[in-house]
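Please consult the sequence and the structure shown here alongside the text.

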Amino acid sequence: MSALNRVPSLMARAGTASALTLAAVGGSIVVPGAAGEAAAATVGTKALKVAASKKGSPYQWGATGPNRFDCSGLTLYSFKKAGKKLPRTAAQQYNKTRHISKSSRKAGDLVFFHSGSYVYHVGIYAGQNRIWHAPKTGDVVRLQKIWTKSVWYGRVK
């Protein structure tokens with residue numbers, strides 16, 4: 001038996017292991033506080049899947065699902081299904097998220113479209129500079145490229 005193969009049994013007898021030892025044998029380390037980001041990513045990923053599942057649903061101003069949506073109605077519905085409560089409007093949702101930079105955005109984060117300080121639209125970031133959203137009257141829920149630089153990003157807490 002090689003020394004590397006004996007490490008796990010030696011660690012079991014000792015009852016403890018250093019991070020370096022765990023890394024050498026392919027173990028994992030639990031880092032306090034890291035679970036929050038992982039859990040947030042999971043909620044966002046779930047919400048993203050819900051939004052994508054609504055592809056083709058008609059836009060209707062003021063609608064919150066399950067068959068018709070406006071922009072913030074789609075995000076509210078998607079995050080509710082993922083286990084998080086959001087307020088009703090895009091502006092209220094922006095105020096309830098943790099604001100993040102463009103370079104920190106991840107799939108499942110919210111993308112807020114603004115003119116000056118006025119937030120007028122929201123979608124769920126899908127990666128590759130695209131969002132799932134309910135665009136406007138006469139349109140349907142769809143995946144679309146972000147069309148402007150006047151956006152802010154938020155992560156649901």
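The model is predicted. Its secondary structure consists of 5 helices and 6 strands, and 38% of the 157 residues count as buried.

**Overall architecture**

- Read from the N terminus, the elements follow the order α-α-α-α-α-β-β-β-β-β-β.
- Of the contacts between residues at least 6 apart in sequence, 51% link residues at least 24 apart.
- The protein has an accessible surface of about 9,200 Å², and carbon and sulfur atoms account for 56% of that surface.

**Helix 4**

- The buried residues in helix 4 are Cys71, Ser72, Gly73, Leu74, Thr75, Leu76, Tyr77, Ser78 and Phe79.

**Threonine 97**

- Threonine 97 lies in strand 1, which covers residues 97-100.
- Threonine 97 has a relative accessibility of 4%; it counts as buried because this value falls under the 20% cut-off.
- Leaving aside residues up to four places away in sequence, threonine 97 touches Leu110, Phe112, Gly154, Arg155, Val156 and Lys157.

Methods: Residues numbered from 1 in each chain as written. Predicted model: local features only at pLDDT ≥ 70, side-chain atom pairs only at ≥ 80, totals over all residues. Heavy atoms only, no water. Helix = DSSP H or I, 4+ residues; strand = E, 2+ residues; numbered from the N terminus. Buried < 20%, exposed > 50% of the residue type's maximum accessible area, 1.4 Å probe, protein only. Contact = heavy atoms within 4.5 Å. Areas by Shrake-Rupley, 256 points an atom, 1.4 Å probe, with all protein chains shown as cover.
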